Amino acid sequence: MQKQELKRGINDSIPIVLGYLPLGFAFGLLANEVGMSVIQAMMMSVLCFTGAGQYIAIGIMQAGGAVFTIVLANVLVNLRYLLFSTSLVPYLKGKVPTAAGALLSYGLTDETYAVAMNRYQDHAPTASYMAGLNLSSHTGWIASTLLGAVLGSHIGNTDRLGLGFALPAMYICLLVLMIKRKSDVLVALSAALFCLLIGYLVPATMGNLFNIIIATVAGASLGVLIGERD
Amino acid sequence: MNGTSIWIMIIGVSLVSILPRVLPVALFSRYEFPEPLKRWLSYVAPSVLGGLTALSVLAPDGVIDISVYNRHIWAFVPTLLIAVKTRSLFYSLLAGIAAMALLYNFV
C-alpha cells in the first residue's frame, strides 16, 4: 500500500464527496418517505452505489411499481458503466493487479471515473489511489444517505447553500481538464449535443440515461474519424 | 412494497449495478486491445463529460430547460471561466457553489 497514493486518492475524492452530500442526503430522505427503513436506505447505498439508479428505484416504488421494473430500469441506467470500465482497462493493465482493479471498480461512478481518468492522463494508476478515491467517495455517499434518512425531516431546504451545483461544477472543470487534443473539443461538444437531442426526441432516455450511452458511442466514433493520429 | 420485497429489490439492483463495472476490468485485463479500439476508448471520457455537463446544466431537473430562469446556466459561466483560468477542481467547485448560492438567495 503506497501511503502517498492513498492520500492523493482521498484528497481527490473531496470534491466528489461534497457533491454527493446533497444527493445522498436527499436519497436517504426520500427512501424513508417511500417506506424504506434507515438500515435499508443505508444498505442500498452500500450495495448499489448508483445515484441515478437509486433515485429511479424510489420513483418506481412511489408509483407502486414492481421489483422487476426497478431492476430492469437499473440494467439500462448502469449499462454505461460497461463503457467506463472497459475504457479503464488499457490504463490499469500492468499497473494494477486484475483482482484489485476489478474489486475496486465496484466504486466506479460518473464522478470517480472522470476524476480517475483525469489523473491517469499523466500519472500511472495504482491500487492505492483507486482505493483512496473510490472508497472515500463511497463512504461519503453512504454517510450522506444515513444523515438524510435519520435527520432528513428535521432539516429544511438545502438548495440555498448552492451545493446543488457541486457536481455540475465538477463536470465542467473535469471537462476542461480532459480536453487535450483539438478533436476532444469537437467530440465533447457533439456528445453534449447528441445527448440533449436524443433526450429531447425520446424523453424516456432522460430518465434512464440511455442518451448518455448513445451520445458516448457516437462521440467516440466521431473522435476516431476526425482525430489526429498521435 | 413490503420489507422482503425491498431487500430483494436492493440485491437485484446491486447485482446489475456492480457487474457492468467489475466485469470488464476482470475479464478484459488479460487482453491487449487493438490500436483502433484503444483510440475509440480514449474518446469515451470526453464524450461522457460532454454529455454529463450538458445534462447537468441544461436539464438540471431531468427536463431540458434552456431559459433565463435556469439558474444552472448562469452559474455555468463563472464556473467555466474559473475552470479555464485556474484548472483547479477546488476553485471551480467553490466558484460554482458560491455562484449558485448567490443566485438562489438573491435572484
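Predicted model: local features only at pLDDT ≥ 70, side-chain atom pairs only at ≥ 80, totals over all residues.
Let me open with a question: which residues in α4(B) are buried?

Let me start with chain B as a whole. Chain B has five helices and zero strands, and if you read along the sequence the pattern is α-α-α-α-α. Its C-alpha atoms, taken along the principal axes, fill a box of roughly 50 × 50 × 25 Å. The radius of gyration of chain B is 20 Å, whereas a compact globule of 107 residues would have one near 13 Å. Of those 107 residues, 44% are buried.

Within this chain, I would like you to find I18(B), which sits in helix α1, running over residues 3–28 of chain B. I18(B) counts as buried because it has 20 C-beta neighbours inside 10 Å, and 20 is the number at which a residue is called buried.

Now let us turn to chain A, where the domain assignment gives domain 1, covering 3–166, and domain 2, covering 179–230. The C-alpha centres of domain 1 and domain 2 of chain A lie 23 Å apart, and the contact between them takes nine residues from domain 1 of chain A and eight residues from domain 2 of chain A. On the domain 1 side of that contact, α3 (51–62), α4 (67–78) and α5 (80–92) of chain A each supply at least two residues, and α4(A) gives the most, with three residues.

While we are in chain A, please look at F49(A), which is found in the loop between α2 (38–47) and α3 of chain A. F49(A) is buried, since 25 other C-beta atoms lie within 10 Å, and F49(A) has a positive phi of about 50 degrees although it is not a glycine. As background to that remark, most residues other than glycine have a negative phi.

The next topic is how the two chains meet. Here 66 residues of chain B are in contact with 83 residues of chain A. On the chain B side, α1, α2 (35–42), α3 (44–58), α4 and α5 each supply at least two residues, and α1(B) gives the most, with 18 residues. The residues of chain B that touch chain A divide into 46 nonpolar, 16 polar and four charged.

That brings us to the largest nonpolar core, which has 106 residues, and in which A169(A), M170(A), I172(A), C173(A), L174(A), C195(A) and L49(B) touch the most other members. Helix α9 of chain A, residues 166–178, gives the most to this core, with twelve residues, and the core also draws at least three residues from each of domain 1 and domain 2 of chain A. If you want one member to examine on the screen, take C195(A): leaving aside its neighbours within four places in sequence, C195(A) is in contact with N211(A), I212(A) and A215(A) in chain A, and with G51(B), A54(B) and L55(B) in chain B.

The buried residues in α4(B) are R71(B), H72(B), A75(B), F76(B), T79(B), L80(B), I82(B) and A83(B), and they pack against α9 of chain A together with α3 and α5 of chain B. As a check on its geometry, the 16 residues of α4(B) should span 22 Å at 1.5 Å a residue, and the end C-alpha atoms are 23 Å apart, which agrees.

Just after α4(B), R87(B) takes a positive phi of about 50 degrees. R87(B) lies in the loop between α4 (71–86) and α5 (89–106) of chain B. Is R87(B) buried or exposed? With 12 C-beta neighbours inside 10 Å, R87(B) counts as exposed, because the cut-off for that class is 12 or fewer.

Technical notes. Residues numbered from 1 in each chain as written. Chains lettered and ligands numbered in written order. Helix = DSSP H or I, 4+ residues; strand = E, 2+ residues; numbered from the N terminus. Domains from an automatic or database assignment. Contact = placed C-beta atoms within 7 Å. Rg over C-alpha atoms; globule rule 2.2 N^0.38 Å. Core = buried A, V, L, I, M, F, W, Y, C linked by C-beta atoms within 7 Å. Nonpolar A, V, L, I, M, F, W, Y, C, P; charged D, E, K, R; others polar. Expected span 1.5 Å × (residues − 1).
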